[in-house]
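Hi everyone, thanks for coming. Please have a look at the sequence and the structure on the screen, and then I'll walk you through a few spots.

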Amino acid sequence: MTGQAGTGVRPLRTAADLLRTLESGCYTLPELYQLAERVGLADRADGRRIIQDGQEQYKRRIRSALQSLRRQGRARQDDDQRAAWLIQGTTVRPRRALLLWLPGDPGQAELVLGAAATVLAQADEPIDLIVADPPYALGRGDHRTAYRRTYGRDHAQVLGGYVDVDPAEYADWTAEWIAAAGAALRPGGYLAVVTGAQQAARVQVAAEDIAGLTYVNSIAVRRPFGLYSTRRYVHAHHRVTLMTRGPLDSPQRFFDRPAEMPRGRTGQIYAVDVWADIPDERRPGLLRYDNALHPALVSRLVRSTTRRGELVCDPFLGSGTTLVACLTEGRRFLGADLNPEALRFAMGRVLAEVIPVLRPPVEQLALFDTSQVPA
């Protein structure tokens, strides 16, 4: 079964670009069922029989085959190689998306529309690293707030739908999703939470006292263009609170010092907790999501705390930067967001801007080998 996608690297400049990319690079389950009927899968071995869920047997077989491929981290393809998203819902409002890509490549990805705590609680397996850039309760989605009035951005190029948190509910909300994060981690796994300095203390306390995690680092990441202020110091850095499940000396905790970090006098890597080399993330002239981390920040966290093929989760998907880092570095990925525009943007960004760089553009992708669908 094959599907077309665009060719070459075509950065997303407008909402129309995003729509065209998703239309050419996504399948819905109903479309997949139609393709299965065309090649005769529906008529194989009682395929038309209605089963307990009210659907025909062949549809269950197709879903089972896809789940098997997802667990194996592969999709059977033609000689040429391409990627496509298989989605539940529509390209306008996707509820779940699975990236079908290269056989044998560990960089598989799944996106879910849902709340962070819920998605973390429903994860299929223990998670090696959770990277989170949660809302800061600054009123990003409300045009009336001081944040929107003072931040000089062309909002016409920014996708809408950002879901913020009521400041009065922030403490309880933080405690809820961090408790779910702690339970979802494997022993020795990590939670890395990117916040402004004012929320970092709340995150650390919740991670220690509620989730039972152990403090590892508090990393200061220089922010080149902090929000201007005249009545206090400008916030010129982000804070990454890094916690782990279990003791610091656990043999299950992996840590690899990033090669690009400073060197000591004898040449050894000196992995410091002040990162002044991370640029601000900007997409001048391009379509963008309301909030985005720079890929270099997330890549460093992913490379230093996980091995190739391990599972990384970002329960606040946003612009999809963690997804991009995981595909680039060969990690498996689970992402979630309450805003369907976040899923749409991340899916389109992967198809238009990431996959063409990682693999040369080609014509066809076989979603799966029909011989793998059980009879």
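One term before we start: a residue is buried under 20% relative accessible area, exposed over 50%, and partly exposed in between, using a 1.4 Å probe and protein chains only. By that scale, Trp173 is partly exposed, because its relative accessibility is 21%.

Now some housekeeping. What you see is a predicted model, in which local features need pLDDT of at least 70 and side-chain atom pairs count only at pLDDT 80 or more, while totals for chains, interfaces and linings use all residues. Residues are numbered from 1 along each chain as its sequence is written, and side-chain values use heavy atoms, with hydrogens and water left out.

So how confident is the predictor? pLDDT is its confidence in each residue, from 0 to 100. The chain has a mean pLDDT of 82, and 76% of its residues reach 70 or more. Confidence is highest in β5, at 98, and lowest in helix α5 (residues 146-150), at a mean of 50. For the names: helices (H or I, at least four residues) and strands (E, at least two) are DSSP runs, numbered from the N terminus. Be careful with residues 1-7, where pLDDT stays under 50, and with residues 360-373, where pLDDT also stays under 50.

Back to that Trp. Rings of Phe, Tyr and Trp (its six-membered ring) pair if their centres lie within 6.5 Å; planes under 30 degrees apart are stacked, over 60 edge-to-face, and the rest tilted. By this rule we get five aromatic pairs. One of them is Tyr170 with Trp173, a tilted pair at 5.5 Å centre to centre and 45 degrees between the planes. Both sit in helix α6 (residues 170-184), three residues apart, about one turn of the helix. Tyr170 counts as buried because its relative accessible area is 6%. Ring pairs also link Tyr170, Trp173, Trp177 and Phe316 into a cluster.

Where does α6 lie? It goes across β5 (127-132) and β6 (185-195), running at about 150 degrees to β6. Those angles run from 0 to 180 degrees between N-to-C directions, with axes fitted to C-alpha atoms, for helices over the stretch in contact. Contact here means heavy atoms within 4.5 Å.

Next, the sheet. Two strands pair if DSSP finds at least two bridges between them. There's an open sheet of eleven strands with mixed pairing, in the order β1-β2-β3-β4-β11-β10-β5-β6-β8-β7-β9. At its edges are β1 (26-28) and β9 (274-275), each pairing on one side only. Strands β7 (residues 214-222) and β8 (residues 237-244) are antiparallel, with eight bridges. In β8, His238 is the bridge partner of Val221.

Leu242 is also in β8, and it counts as buried because its relative accessible area is 2%. Setting aside neighbours within four places in sequence, Leu242 touches residues including Tyr190, Ala192 and Tyr215. Its C-alpha is 6.2 Å from that of Ser218, 24 residues apart along the chain.

Ser299 is in α8 (residues 295-305) and is buried because its relative accessibility is 12%. Not counting residues up to four places away in sequence, Ser299 touches Ala325 and Glu329. Val324 is in helix α9 (residues 321-329), and leaving out neighbours within four places, Val324 contacts Arg349 and Val354.

Technical notes:
pLDDT is the predictor's confidence in each residue, from 0 to 100.
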